Amino acid sequence: MDIEVAEERNEDVLVLLPVGRLDSGNARSFESVVMDHVSSGERRLVVDFSRLDFISSSGMRVLLIAAKALKAGEGTLVLCSMKNHIEEVFRISGFDRIIPIKDSRESALAASS
Amino acid sequence: MAMMDELHVSLSPRLSAVRSLAQMVEEFGDANKLPDQQIYMINLALDELITNTVSYGLRGVTRPRIEITLQVGETSLALTMEDNGQPFDPTANPDPDLSSAVDERPVGGLGLHLIKTFADRVNYEYVNGKNRLTLEHDLTPEAR
């Protein structure tokens, strides 16, 4: 199952917007989208959650893999615009302590530069 | 007011079953006025549990079945999953280390940890050749 991911660029920051549901069924598809960008040299990624309704632990795992790969190459991953119930899960799992989460796209871009 | 509503779904174990089940859970949650957070946690648990069971527990089982029951009581919400796969106790899994830095963090083990963290009570038993896992979430009066 493929996931739809919209992409927008803001100078040297690439913004990815996964759409709908990111679960065990399409986490692999999301992983290849994200990791293709990392391997082709993108260093500053923002994942904007405003079009995402659901993320499972398999989707969160992809973000962790991307954060590790980017950190190894002196890059950054910033998340933004999460719905409250999703942000709560990131907080409880401790993800917010290892991957920065911002309220808006603007603050995510500011944190990436 | 005593209130008890139940959703029971018997699934043939396919990964694609997770999505149609998620839809049913959302409709059930809306009908019972459950908070979004609770519906989300139930669907997060189901995605994790069904994926694990279909990918590992039910491999090679002749007539594989998964039964899901969701019960709304006056003070709590209970999710029960039964399957006739290999005995597997998810409550016995070690918790991941969530305090470590990004580059040291293991990528697995997160889903079960979330399930255990969010549930107020977790019970596992293996009876009559079936795994039975029950997750109970307390409902606050405001939430009802």
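User: Two strands pair if DSSP finds at least two bridges between them, so over how many bridges do S4(B) and S5(B) pair?
Analyst: Strand S4 of chain B and strand S5 (residues 130-138) of chain B pair over 7 bridges, in the antiparallel sense, and the partner of Val127(B) in S5(B) is Lys130(B). Strands (E, at least two residues) and helices (H or I, at least four) are DSSP runs, numbered from the N terminus. This is a predicted model, where local features need pLDDT of at least 70, side-chain atom pairs count only at pLDDT 80 or more, and totals for chains, interfaces and linings use all residues. Residues are numbered from 1 along each chain as its sequence is written, with chains lettered from A and ligands numbered from 1 in the order written.

User: What's the strand order in that sheet?
Analyst: The order is S1-S2-S3-S5-S4 in chain B, an open sheet of 5 strands with antiparallel pairing, and its edge strands, each pairing on one side only, are S1(B) (5-11) and S4(B) (121-127).

User: Switching to chain A, which residues of H3 are buried?
Analyst: In H3(A), residues 84-92, Ile86(A), Val89(A) and Phe90(A) are buried (20 or more other C-beta atoms within 10 Å of their own, C-beta atoms being placed from the backbone).

User: Why do they line one face?
Analyst: Seen down the axis of H3(A), the buried residues fall within an arc of 100 degrees, taken over the directions from the helix axis to the C-beta atoms, so they line one face of the helix.

User: What do they pack against?
Analyst: They pack against S5 (52-55) and S7 (101-102) of chain A, together with H2 and H3 of chain B.

User: And how many residues does each chain give to the contact?
Analyst: Chain B gives 23 residues and chain A gives 21, with contact meaning C-beta atoms, placed from the backbone, within 7 Å. On the side of chain B that touches chain A, H2(B) gives the most, with 8 residues.

Note on methods. Contact = placed C-beta atoms within 7 Å. Buried ≥ 20, exposed ≤ 12 C-beta atoms within 10 Å, placed from the backbone. Pairing = 2+ DSSP bridges.
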